[in-house]
Amino acid sequence: MQLVLERRPERSAVIAVASPLIAVVLTIITFAILFAIMGKNPVYAIWVYFIEPLTDPFALQEIAVKATPLVMIAVGLALCYIANIWNIGAEGQFIAGAVCGSWLAVRTNGTDVGHWVLPAMLVLGALGGALYALIPAICRVYFGASEILTSLMLVYVANLGMDYLVRGPWRDPQGLNFPTTAAFDPAASIPTLFEGVGRLHAGSVLTLIAVMLAAVLLGQTIRGFEIRVVGAAPRAARFSGFNADRLVLFTFAISGALAGLAGIIEVAGPIGHLDPGVSSGYGFTAIIVAFLGRLNPVGILVAGLFLALTFIGGESAQISMKVPLDLTKVFQGILLFYVLACDSLIVYRIRVLRSVRKPAHAAA
Amino acid sequence: MLDASSQAGSSLSAPLLSAVSISKRYGDFLANDCIDLDLFPDEIPALLGENGAGKSTLVKVMYGLIQPSGGELRWMGEKVVLSGPSEARGLGIGMVFQHFSLFENLTVAENVALGLPPTESFAAISARLAETARVYGLPLDPKREVWRLSVGERQRIEIVRALMQNPKLLILDEPTAVLTPQEADQLFIVLERLKSEGRTILYISHKLEEVKRLCDTATILRLGKKVATCNPRQETAASLARMMVGAEIDEVKAAAKHSVTVPRLLIHKLSLEPDDPHGTRLKEVSLEVRGGEIVGIAGVAGNGQDELFAALSGERLSPSDGNIVIDGRAAGLLNVNDRRRMGAAFVPEERLGHGCAPRMKLSENALLTGHAASGMVKRGFINKLATLAHVDRTTKSFDVRKAKRDPEAVSLSGGNLQKFVVGREILREPGVLVVSQPTWGVDAGAAAVIRQALVDLAGRGSAVLVISQDLDELAEIADRIAVMFHGKLSAPLEAAQATRERLGLLMGGADPGAHNGEQEAKYAVGA
């Protein structure tokens, strides 16, 4: 017996939708086996991870809070990835945005200058992320440097830069030497949506708007068409008159702006100050979200919520099952692996061949 | 039926290789449907059929590249299972593919050595290569890098490589597609000689005149089935075509009386360095295409046609504004969309990946070249109804056959996709149309539709420039024909004076100025 991957005549629309679901199921099965090996009850583990958080209104809000930066970053990354442009450095752009927006919050701390502070911080955050993302884009367009490497390496530059600021010039004088800025003023903070109940904040609304705008951009506009053609058939894109270099700059700027915006929202929202731990890897996890969501804005929204669920579930599992938090990262890694593997089923189908050498007609 | 035919095979004089009821299924598609074929020694049998008829699939089965879904192969009467090309070569089967597999940066000898088992020293291989090439009159310098060679010379490498294994059966897939008429004549002499040595040559082609001239028998495939076996010398080209296509082919009708008007496309002393290190430099190319006429550019592939197309379409910009003039306006520095807005349209050679995004829908592919110069985009938003309407109009006017209203480009057959790609441009009524290899790899029915559309477009007053390797095609539709060689373009010849001999000489690099009567040696070209 032999398994053969056979090219389909056309991409399968059914599998395109089903493939992430298959991947999720396979991941959960693998995960259950992993728990069984660790000597934990796999059924209970799956309940803790995936079901329990959904039964608690506070946990539901936490899921949305967690999903907010993931989805916003992933939407921007999807624009890059569809065009075959590989921005791996959203983490750095997230930090750059957080730092740029925080600059204003730190400068105006305790001055009560007015309500323009928060909007200006958001603009600065988006701008900072976009400019930071343009560095690898410019290096690629003008010097031919691989944007995969440069964007990734700039993550560490951003991280250390932020580290310097919060340990040095921006450190809270009353902060007992902890590496953190002073807590942001109310005028520099994002309001929660339900006063006093949970942490769901206005940034989630901005994420929903980003999802809708991206969906319209990709599906309805000539610029979205350009992004798709450059990715799908570069030579045809050139024949169509699209400039691939300009698109590298455009997609990097947009994805950087969204990552930067996510960064400042996170800092000015749930966290409330700048410290070295603001990101916890959102920029990298968003890569998984982008692919799990089929690089489709609405799919990304669903995928972001699902991944946020695993974060929240992982936190409670840490408490109730005494398993390490790293298990959540293992889960996300396995998930990305299965998603990419299942993607080949969109273009190929599996066929089982009986032995080739078996005679066709034994007797005539 | 099945059993009878497979038993009858062995009763006649012994065939070298028999395909017995070979079937090959790809998913729902039956590429080969119970095909029987016997190849006898000392023969040049032909395998005839349109693109997609199943010729390539069948010979790939015979060469061990793919496994049949049903049926079997018999080599000198014995059943064999070929699990790979090396087993086929071991039996004595050689093959020369239409698309060469050569490393451009390696020398001839290095390329040949790579394909042989590593039991022989490189020096010995080089010597044997030179000897084989000499014996068969296929001149080759073992030390030359492949990228310096013409397409004809590259084909020689493939043939010599196959001959060095001393095959009893040599399979040639469309060998003359890339040759000048004179080069093809030389190839036929070699093939006759191989036949006289007792080798069998399976000759795959859709060029009927060649088959009539060279081959002893012809097996005709249509839609994966064997439809006839005949002696091609006793058939006419028309009767062979009928068997291949299964229907009459319309002849291209000249457009109604029309006059040739002012120049609408002007190429003026265009010199251009190639993008890619193995590309061809364009040298002072000049040409004038007037409204109402079709000008053809002939030439062997790789002589600068791709570079010229890119310069005309605006995918590459010219050194100066005046190098290309469209309808009286300098366009050399304008991009492809600006040129489209001036009423120019372009059809590149490669349908999939260049003219179309393969995995995008037809409506999106209509947008691909239509977004600049039609009502398909308003304020940055796509008017999807307009793109679909363009697909529907193209479908109707050009008889594009497809499974649904708006499928992905890649799911169409070559002929239907080409009709779409050409029709997409012609329906915009361009004043200037530049089209490269308009019927490359397209079935005869679709080719006739496309050629007729080009003739009709010129008849309506447009200037049409056709870059083609197919001399028959140019003879059929072009008013004037120029030849491209090593990046230079000859002065165009009036169609009446553009004999195959004359074009062949120009394609081989003969001095374009010196075409006098005495130069016109007689070449035995079948007519």
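Predicted model: local features only at pLDDT ≥ 70, side-chain atom pairs only at ≥ 80, totals over all residues.
# Notebook: helices, core and contacts

I began with two helices of chain A, α7 (residues 203-220) and α8 (residues 222-232), whose axes come within 5 Å and cross at roughly 75°. I count angles of 65 to 115 degrees as roughly perpendicular. That makes α7(A) roughly perpendicular to α8(A).

Next I looked up which residues meet. From α7(A) I listed A:Leu217, A:Leu218, A:Gly219 and A:Gln220. Facing them in α8(A) are A:Arg223, A:Gly224 and A:Ile227. I sorted this contact by class and found three nonpolar, three polar and one charged residues.

I moved on to helix α2 (residues 42-51) and helix α12 (residues 297-320), both of chain A. Their axes come within 7 Å. The crossing angle is roughly 130°. α2(A) and α12(A) are therefore oblique to each other.

I noted A:Ala45, A:Val48, A:Tyr49 and A:Phe50 on the α2(A) side. On the α12(A) side I found A:Leu309, A:Thr310, A:Gly313, A:Gly314, A:Ser316, A:Ala317 and A:Ser320. By class, the contact of α2(A) with α12(A) has six nonpolar, five polar and no charged residues.

**The nonpolar core**

Which residues have the most contacts inside the largest nonpolar core? I found A:Ile73, A:Ala74, A:Val289 and A:Ala290. This core has 248 residues. Helix α3 (residues 57-82) of chain A gives the largest share, 16 residues. Both domain 1 (2-92 + 167-245) and domain 2 (263-510) of chain B give residues to the core, so it lies between them.

I then checked A:Ala290 on its own. Leaving out residues up to four places away in sequence, A:Ala290 touches A:Ala74, A:Leu77, A:Ala78, A:Tyr81, A:Leu295 and A:Ile300.

**The domains of chain B**

Chain B is divided into domain 1 (2-92 + 167-245) and domain 2 (263-510). I looked up the separation of their centres, taken over C-alpha atoms, and got 34 Å. Their contact takes 10 residues from domain 1 of chain B and 15 residues from domain 2 of chain B.

On the domain 1 side, the elements that give two or more residues are α7 (181-196) and α9 (237-245) of chain B. The largest share of that side, three residues, comes from α9(B). I sorted the domain 1 side into five nonpolar, four polar and one charged residues.

**Where the chains meet**

How many residues does the contact take from chain B and from chain A? I noted 33 residues from chain B and 22 residues from chain A. On the side of chain B that touches chain A, four elements each supply at least two residues: β4 (70-75), α11 (336-341), α12 (362-370) and β18 (381-382). α12(B) gives the most to that side, with four residues. By class, the side of chain B that touches chain A divides into 14 nonpolar, 14 polar and five charged residues.

Is A:Ile33 buried or exposed? I found A:Ile33 in helix α1 (residues 13-37) of chain A. A:Ile33 has 11, so A:Ile33 is exposed.

I also looked up A:Ile33 against A:Val330, 297 residues apart along the chain. Their C-alpha atoms are separated by 13 Å.

Note on methods. Residues numbered from 1 in each chain as written. Chains lettered and ligands numbered in written order. Domains from an automatic or database assignment. Contact = placed C-beta atoms within 7 Å. Nonpolar A, V, L, I, M, F, W, Y, C, P; charged D, E, K, R; others polar. Axes fitted to C-alpha atoms, helices over the stretch in contact; angles between N-to-C directions. Parallel < 35°, antiparallel > 145°, perpendicular 65-115°, else oblique. Core = buried A, V, L, I, M, F, W, Y, C linked by C-beta atoms within 7 Å. Buried ≥ 20, exposed ≤ 12 C-beta atoms within 10 Å, placed from the backbone.
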